[in-house]
Protein chains: 2
Amino acid sequence: MITLKTRRTIRKYQAREVAPDLLDDLLQMACRASTVGNMQTYSVVVTRDAANKAKLAPAHFNQQMVFTAPVVLTFCIDLNRFSRWCELRDAVPGYDNFQWFVTGAVDALLAAQTFCVAAEEQGLGICYLGTTTYNPQPIIDALQLPRLVFPITTITVGYPDETPEQPDRLPLEAIVHDEIYQDYTSDRIDALYAYKESLFENKMYVVENGKETLAQVFTDVRYTQKDNELFSEALWEAVKKQGFNPKK
Amino acid sequence: MITLKTRRTIRKYQAREVAPDLLDDLLQMACRASTVGNMQTYSVVVTRDAANKAKLAPAHFNQQMVFTAPVVLTFCIDLNRFSRWCELRDAVPGYDNFQWFVTGAVDALLAAQTFCVAAEEQGLGICYLGTTTYNPQPIIDALQLPRLVFPITTITVGYPDETPEQPDRLPLEAIVHDEIYQDYTSDRIDALYAYKESLFENKMYVVENGKETLAQVFTDVRYTQKDNELFSEALWEAVKKQGFNPKK
């Protein structure tokens, strides 16, 4: 599993197509991921057509990968298919609620990540688009997603046309807790973030953005409270509109 | 990637321990998964101690895997660590909202599934516990999770002591949509679920539960509307209590 240790996100792709048979094989492997009650509460929409990519692009802030990747995959929570089956079999489905929004998200994301691992093993590169949940309504419209279907993540896929440096990660002890969650003291935060803050590219990042600390680049530029709250509201409205109400 | 095609969930484990170095190596690979803005908005709590497993077990309906697996991993959305860092660096964090609940869930689940793929490549077996989001409060209490930390899934890990049959999956065309979501007609549902419904074990499942259709086993026995709505409300209350409010 050398790929898992050396992997990095790929944002520039060759023009080379991804063969349909290869894509199907990777999707078959994705469907072998764990799934709640073997219900497979997810769907995947495959976008290859340039006009359809252009329809999705604004929702992803027109990031170049949406246009240049040969394949764009939108992974969706899907309780529509299962509920349809229930209705046709004299069974009353009860999956239009928040629990199944989250359960479907787990299902969809395990399949998505399995796809990515398998794709990278085959020499493909991938990029996740976190923008999927920022303003899901345009994606719902573009892909014509019915009630109880919700886009949870998007992956662009293609043969790499770049070999970026592998980014840093926090030391493992920042992430892993032994038996009980160990809350973070100031000293521990300083130690755990020291390497990240010492990196030349991160220091440049602070200077380029005219900030005093790396954290301020995140809070004042990249992911601001104001944006977060706007996106939260749009997401929440879309979740309810697609039928996943927290309360009856 | 033969493992990805042949894998199956493992619920019975040998007494053999998982070596700490191997576990660390697998967790390191998990941390190489894609993560929003390289923020790593997740934590993993490792439970090996029998007394601590017993504390977690009731939240998972006392499923045997929680007691018998040598390692239980609770993957958590974590905006606490990042927010603490911000506060210590003169930056005002704005991650206590629904958008970052979902974003943190994506992060945590990509790491969780990468862990599972890597673990299975090493001969380990895993089982996801979907019960994690049914009633998260007891897990929050047992693991002492602070505000902005939320358990999104749990994985039991160990060396397999069983070789179950690989379960069926829906045909790929049930899951994958070409360019636009193709809603399901009755005929298509019949065709897509025919194989699943034809399986001997599923037919037995219907008989054993005294039902008329397989779908009714799901709606009337396994995941009832009443339970779903109760669990939705408990989940929703816990999401809010941990600080991920949809609106200010």
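How far should the 13 residues of helix 9 (residues 186-198) of chain A span at 1.5 Å a residue, and how far apart are its end C-alpha atoms? The views below come from a predicted model, and the first one takes up that question.

**View 1. Helix 9 of chain A, end to end.** At 1.5 Å a residue, helix 9 (residues 186-198) should span 18 Å. Its end C-alpha atoms sit 17 Å apart, so the two values agree. Look along helix 9 of chain A and you'll also find a kink of about 35°. That kink is centred on Leu192(A).

**View 2. Where chain A meets chain B.** Chain A puts 98 residues into the contact, and chain B puts in 98 residues too. On the chain A side, helix 6 (residues 98-121) gives the most, with 14 residues. Sort the chain A residues that touch chain B by type and you get 50 nonpolar, 28 polar and 20 charged.

**View 3. A strand pairing across the two chains.** Here strand 1 (residues 42-47) of chain A lines up with strand 5 (residues 176-178) of chain B. The two strands pair in the parallel sense, over 3 bridges. Zoom in on Val46(A) and you'll see Asp178(B), part of strand 5 of chain B, standing opposite.

Conventions: Residues numbered from 1 in each chain as written. Chains lettered and ligands numbered in written order. Predicted model: local features only at pLDDT ≥ 70, side-chain atom pairs only at ≥ 80, totals over all residues. Contact = placed C-beta atoms within 7 Å. Helix = DSSP H or I, 4+ residues; strand = E, 2+ residues; numbered from the N terminus. Nonpolar A, V, L, I, M, F, W, Y, C, P; charged D, E, K, R; others polar. Pairing = 2+ DSSP bridges. Expected span 1.5 Å × (residues − 1). Bend = angle between axes of the 7 residues up to and from the residue.
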